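Student: Could you show me how to read salt bridges and helix packing in a protein model? I would like the general idea first and then the real case.

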Amino acid sequence: MGPHRVNIINLLNLIASRSEQLEYQESAPVNVANELVNQWFDDFYHPADAQFASDFSADELVLLKQFDAYYNERLAQLPDSLGGLLRTRAWDEVMDYAGGVLDACRWRGIQAHYESPEG
């Protein structure tokens, strides 16, 4: 599985799961609320990149684009702490939308892994 596909699948599963977000906050010395935004908008979602696009089907790219727009519309409403985030309707909506993408692509619950070099 290509790296872009791995990153997107794992991040969408994280965004869709309150329990995974809480586990992440417990185990990592980072602001998870900020990470969930930065990983999507800065680190992992790059639809204009040919290599990124080649890791997904045309239908998957449409779903990712729609999720990106939906998430972006709610950004200004999102607090910068996980506790605050988990109490907002806007975040519940983003989590639900991410779950819908996961279901549509049959990615829900998948723990995606990078391809290992053959040797």
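Tutor: Happy to! A salt bridge is a side-chain nitrogen of Lys or Arg within 4 Å of a carboxyl oxygen of Asp or Glu. Before we use that, note that this is a predicted model, where local features need pLDDT of at least 70, side-chain atom pairs count only at pLDDT 80 or more, and totals for chains, interfaces and linings use all residues. Residues are numbered from 1 along each chain as its sequence is written, and side-chain values use heavy atoms, with hydrogens and water left out.

Student: How many salt bridges does a search of the whole structure find?

Tutor: The search finds six. One of them joins the side chains of D92 and R18, at 3.1 Å from N to O. D92 belongs to helix α7 (residues 89–105) and R18 to helix α2 (residues 18–27), so this pair ties together parts 74 residues apart in sequence. Helices here are DSSP runs (H or I, at least four residues), numbered from the N terminus.

Student: Which residue forms a salt bridge with E60?

Tutor: That is R5, with the closest N and O atoms 2.8 Å apart. This pair links distant parts of the chain, since E60 sits in helix α5 (residues 58–74) and R5 in helix α1 (residues 3–15), 55 residues apart. E60 is buried, with a relative accessible area of 10%, and R5 is buried at 19%.

Student: Where do E93 and R89 lie?

Tutor: Both are in helix α7, four residues apart, which is about one turn of the helix. E93 is partly exposed at 21%, whereas R89 is exposed at 65%. A network of salt bridges links E73, R74, R89 and E93.

Student: And what describes two packed helices?

Tutor: The angle between their axes and the distance between the axes. Axes are lines fitted to C-alpha atoms, for helices over the stretch in contact, and angles run from 0 to 180 degrees between N-to-C directions. Here the axes of α1 and α2 come within 6 Å and cross at roughly 100°. The two helices are therefore roughly perpendicular to each other, a label for 65 to 115 degrees (under 35 is roughly parallel, over 145 roughly antiparallel, the rest oblique).

Terms used:
Buried means under 20% relative accessible area, exposed over 50%, partly exposed in between (1.4 Å probe, protein chains only).
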